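Trainee: Could we go through this structure together, one part at a time? I would like to begin with the strands.

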Amino acid sequence: MTFLRSVVGKLWFTIIFLVAFILFILTVMLLEFFENNTIMETKNDLTHQAEKIAKVLENHPDEQLPLGLEISWEIIDEVTNVVIIKNDQEVFISPNSEKSVKLSVPDIRNDVELSKVFEENRTVEKVARLTSNELNQDSAKYSIIGVPLHIDDGQNGAVFIYQSLEVVEETTHSTTNFILLVAGVAIILTTIFAFFLSTRITAPLRKMREAAFEVARGKFDTKVPILTHDEIGELATAFNQMGRQLKFNMNALSQEKEQLASILSSMADGVITFNRDGTILITNPPADRFLQYWYYENGGPGNTSGEIPTEAMELFQRAVDTEKEQVGEISLQGRHWVILVSPLYSHRFIRGAVAVLRDMTEERVLEKMRKDFIANVSHELRTPISMLQGYSEAIVDDIAESQEEKKEMAKVIYDESLRMGRLVNELLDLARMEAGHIQLTLDEVNLHSFMNRIVHKFQGLARDNDIHLSADLEHDIPNILFDPDRIEQVLTNLIDNAIRHTPQGGSVRLLVKKDDFGIKVEVSDSGSGIPEEDLPFVFERFYKADKARTRGRAGTGLGLAIAKNIIDAHRGHISVQSKIGQGTTFTFLLPRK
């Protein structure tokens with residue numbers, strides 16, 4: 001069945017069927033032709049023989065009649081029978097009719113057709129059945145020819161010659177067998193030729209089928225050999241061109257897809273593409289993070305059902321309905337996003353929408369920092385300005401009566417002016433650092449003498465506050481490159497903070513040791529510590545752990561921010577660890593240059 005369903009089988013079967021049908025029609029027509037032709041030739045031969053016998057008898061009348069009969073009997077063959085009717089009294093029958101079927105005179109006289117020889121004096125012919133003299137033998141068909149005979153004056157005789165049609169049937173049967181044999185040989189040869197032709201024609205088609213399967217599996221380099229220059233060869237050429245074009249188009253699509261994927265992946269904004277019913281089609285990493293935030297907030301991290309926030313779905317629906325861009329904002333897990341949803345068109349119809357999500361958290365933080373900065377600067381400047389104004393008015397209005405009181409008020413005014421100047425200078429330094437304008441003067445510094453000098457500078461302040469200040473340096477620490485003034489500023493800030501936040505009887509320790517990447521410096525104290533929730537914000541401007549903006553022991557809140565910028569400029573890293581009631585440790589790493 002597989003063979004019959006194949007192209008070879010179908011083509012082979014079609015050729016065999018057509019040839020067999022043509023041979024069948026041709027055989028039928030040939031058999032009919034040969035049968036009719038044989039019967040006609042037999043009738044013509046019999047007629048010719050009868051006329052010849054009649055002529056011979058007419059040429060041998062009376063006494064020569066026996067000789068004419070002898071000649072007549074020689075003219076006919078063994079299967080041909082003759083009845084000669086000279087008159088009603090004289091009838092002559094051929095000798096070979098003794099053992100075969102005989103045509104009697106009454107049969108002739110009583111037959112309408114045969115009797116016309118006598119009545120109309122013309123040649124007649126007829127096919128009739130004659131009864132055999134032998135028992136148990138069926139009558140056979142005979143072809144009977146009657147020819148007028150003129151021997152006696154005034155009387156019409158006749159020569160009747162007849163022959164069995166079995167001879168004709170035998171000839172037809174032989175011819176039929178021969179034609180069928182030839183037809184059988186022709187069918188066999190046609191079968192072989194058809195199979196060969198079908199195989200030769202379909203061989204390139206099978207190769208093209210195999211190549212098509214290879215192309216369907218993605219092997220676009222597959223080529224079909226061009227064996228001929230006919231239509232099949234042209235088809236193979238077209239197939240190879242199609243394969244090259246497919247490869248080119250697939251490469252172009254792949255490049256466009258990779259380019260689009262690269263663009264989407266490199267975008268800072270999230271992109272989500274929806275189809276018409278709101279199903280998510282494409283997302284990029286920022287959009288995935290946005291969705292993960294929403295999944296976590298609405299059902300845990302394992303929720304990946306493809307749902308989107310209600311606010312985004314409402315924007316999508318409005319964009320599809322109004323065919324206009326929609327803008328909205330959503331907050332998740334402490335982060336803020338602005339969503340812009342635009343409809344996507346397929347010709348004139350909307351096929352979906354694309355949503356662009358911009359993370360505005362940093363902008364919101366910067367805006368808050370700007371507002372906090374203005375508030376903090378105003379707060380920090382308001383107190384010293386108020387004190388300057390108050391004490392200066394007291395001096396102008398002569399409220400201070402004695403010289404010592406005036407000097408005391410002037411001393412307060414001077415201290416507050418220094419405080420304001422220090423605040424402004426630190427703000428300018430921090431602004432320059434954050435703008436990248438910090439200038440480092442790198443020098444190879446001996447760490448032992450450098451650290452001991454800084455510790456010695458704070459020994460007096462430590463003794464005044466009853467705090468034990470110590471330094472611990474490893475002996476084999478090599479000299480490294482850094483800006484000594486800037487690092488001294490960092491250490492000054494850290495040690496000053498440690499002393500100010502350590503109660504009497506406490507300790508402050510400076511530890512310097514080697515690290516795989518450079519040197520590590522730790523400033524630890526046994527003070528009150530920093531609350532855990534405040535640790536992420538200690539390096540922000542104006543941030544104070546105790547949240548109090550008072551004078552006295554409180555600073556400007558800019559020291560740690562400046563220290564962080566200095567360490568970052570040295571390509572280092574600074575961190576803090578603290579526990580309430582146990583103390584705080586600031587650690588910074590200076591890498592080797």
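Mentor: Strand S6 (residues 270-275) pairs with strand S7 (residues 280-283) in the antiparallel sense, over three bridges. Two strands pair if DSSP finds at least two bridges between them, and the elements themselves are DSSP runs numbered from the N terminus: helices are H or I with at least four residues, strands E with at least two. This is a predicted model, in which local features need pLDDT of at least 70 and side-chain atom pairs count only at pLDDT 80 or more, while totals for chains, interfaces and linings use all residues. Residues are numbered from 1 along each chain as its sequence is written, and side-chain values use heavy atoms, with hydrogens and water left out.

Trainee: Which residue stands opposite Ile 280 in S7?

Mentor: Phe 274 does.

Trainee: And how many residues lie between the strands in that hairpin?

Mentor: The hairpin of S6 and S7 has four residues between its strands, and Gly 278 takes a positive phi near 90° there.

Trainee: What is the order of the strands in the open sheet?

Mentor: The order is S7-S6-S10-S9-S8, five strands with antiparallel pairing. At the edges are S7 and strand S8 (326-332), each of which pairs on one side only. On average, neighbouring strands of this sheet are turned by 25° against each other, direction ignored.

Trainee: Over how many bridges do S8 and S9 pair?

Mentor: S8 and strand S9 (residues 335-346) pair over seven bridges, in the antiparallel sense. Ile 330 stands opposite Trp 337 in S9. Helix H9 (residues 310-322) packs on the sheet and touches S6, S8, S9 and strand S10 (349-359). The direction of H9 makes about 175° with that of S8.

Trainee: Moving on to helices, at what angle do H6 and H7 cross?

Mentor: The axes of helix H6 (residues 166-216) and helix H7 (residues 231-266) cross at roughly 10° and come within 10 Å. H6 is therefore roughly parallel to H7, a term for angles under 35 degrees; over 145 is roughly antiparallel, 65 to 115 roughly perpendicular and the rest oblique. The axes are lines fitted to C-alpha atoms, for helices over the stretch in contact, and the angles run from 0 to 180 degrees between N-to-C directions.

Trainee: Which residues make the contact?

Mentor: Contact means heavy atoms within 4.5 Å. Those involved include Ile 201, Leu 205 and Met 208 of H6, and Leu 235 and Phe 239 of H7. By class, the contact has twelve nonpolar, no polar and no charged residues. Here Ala, Val, Leu, Ile, Met, Phe, Trp, Tyr, Cys and Pro count as nonpolar, Asp, Glu, Lys and Arg as charged, and the others, Gly among them, as polar.

Trainee: How many salt bridges are there?

Mentor: A search of the whole structure finds 14; each is a side-chain nitrogen of Lys or Arg within 4 Å of a carboxyl oxygen of Asp or Glu. One of them joins Arg 500 and Asp 496 at 2.8 Å, N to O. These two residues are four apart in helix H14 (residues 484-500), which means that about one helical turn separates them.

Trainee: Is Arg 500 buried or exposed?

Mentor: Arg 500 is buried, with a relative accessible area of 19%, whereas Asp 496 is partly exposed at 24%. Buried means under 20% relative accessible area, exposed over 50%, and partly exposed in between (1.4 Å probe, protein chains only).

Trainee: Which residues are linked in a network of salt bridges?

Mentor: Glu 214, Arg 217 and Lys 219 are linked in that way.
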